[in-house]
Amino acid sequence: AGTAALAAILGYLLGTIPFGLLLTRAAGLGDVRKIGSGNIGATNVLRTGNRKLAAATLLLDALKATAAVAAARYAWGFEAGLVAGFFAFLGHLFPVWLRFRGGKGVATYIGVLLGVQPWTVLVFAAVWLGCARLTKYSSLSALVATLVIPVVLWILGEHSFALTMALMTAISWVKHKDNIKRLLAGTESKIGQKG
Ligand code: G3P
């Protein structure tokens with residue numbers, strides 16, 4: 001139990017680093033929470049028009065979760081890696097530094113996949129890119145990809161990994177509730193649109 005708690009704390013703290021906010025501020029673009037969807041993630045950073053910054057946000061928000069998984073796994077084993085990854089995701093969604101108002105967890109979700117089983121990122125990417133190509137919605141692509149992942153993992157017998165990801169999927173879906181409302185109303189902004 002002691003190691004699980006340590007893994008959770010390590011993961012949470014790494015997860016709370018809001019790279020989208022830090023990078024856009026450092027680039028002199030102001031507060032990313034005041035534009036577009038108000039989110040701190042890569043999709044909203046893209047709405048500043050700076051693609052490199054959006055890519056860097058995606059990468060760094062993902063890698064903070066990967067680092068949490070890798071460090072905890074190295075120190076305390078596979079299950080601790082899952083715990084650290086899950087808490088990195090929670091840290092991104094509910095960062096103490098931002099009064100618990102964080103992101104929606106798509107990049108950190110990918111980072112956990114990368115840390116636990118790298119090939120699963122290919123599944124996520126294929127579904128996300130396919131859906132994004134068809135619909136041009138970042139949020140919808142993430143909603144679909146995060147549904148597919150736990151199902152695939154479960155079928156392949158990766159039960160503890162599947163359940164961890166399913167829990168993250170459920171939480172991320174709740175965080176996407178405004179996106180879901182906009183998708184249903186037909187008012188969600190498409191990739192490449194600023195609004
Ligand atoms: O899945 C991407 C999601 O986070 C959407 O971001 O900024 O459109 O709410 P945003």
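Author: A residue counts as buried under 20% relative accessible area, as exposed over 50%, and as partly exposed in between, with a 1.4 Å probe and protein chains only. The model is predicted, so local features need pLDDT of at least 70 and side-chain atom pairs count only at pLDDT 80 or more, while totals for chains, interfaces and linings use all residues. Residues are numbered from 1 along each chain as its sequence is written, and side-chain values use heavy atoms, with hydrogens and water left out.

The shell around the ligand comes first. Ser 37, Asn 39, Thr 43, Asn 44, Arg 47, Lys 104, Val 106, Ser 138, Ser 139, Ala 142, His 176 and Asn 179 surround the ligand, each with a heavy atom within 4 Å of it. By residue class, two of the shell residues are nonpolar, eight are polar and two are charged (Ala, Val, Leu, Ile, Met, Phe, Trp, Tyr, Cys and Pro are nonpolar; Asp, Glu, Lys and Arg are charged; the others, Gly among them, are polar).

Two helices (DSSP runs of H or I, at least four residues, numbered from the N terminus) each give at least two residues to this shell: α3, residues 42–46, and α8, residues 138–155. Helix α8 makes the largest contribution, with three residues.

For Lys 104, an N or O atom of the side chain is 2.4 Å from a ligand oxygen. Asn 179 has a polar side-chain atom 2.9 Å from a ligand oxygen, and the corresponding distance for His 176 is 3.1 Å. The ligand on its own has 300 Å² of accessible area, and the protein covers 95% of it (Shrake-Rupley method, 1.4 Å probe).

Within the shell, Ser 139 belongs to helix α8. Ser 139 is buried because its relative accessible area is 6%. Val 106, another residue of the shell, is 33 residues from Ser 139 in sequence, and their C-alpha atoms are 9.0 Å apart in space.

Moving out from the shell, the loop between α5 (78–93) and α6 (106–116) contains Arg 99. Its phi is near 50°, a positive value in a residue other than glycine. Arg 99 is exposed, since its relative accessible area is 66%. Phe 100 is also placed in the loop between α5 and α6. The phi of Phe 100 is near 65°, again a positive value in a residue other than glycine. At a relative accessible area of 47%, Phe 100 is partly exposed.

Helix α6 contains Tyr 109, and Tyr 109 counts as buried because its relative accessibility is 0%. Tyr 109 and Ala 62 lie 47 residues apart in sequence, with 7.1 Å between their C-alpha atoms. Ala 62 is part of helix α4, residues 51–76. With a relative accessible area of 10%, Ala 62 is buried.

Terms used
A polar contact is a pair of N or O atoms within 3.5 Å; within protein, one must be able to donate a hydrogen and the other to accept it, and residues adjacent in sequence count only if both atoms are side-chain atoms.
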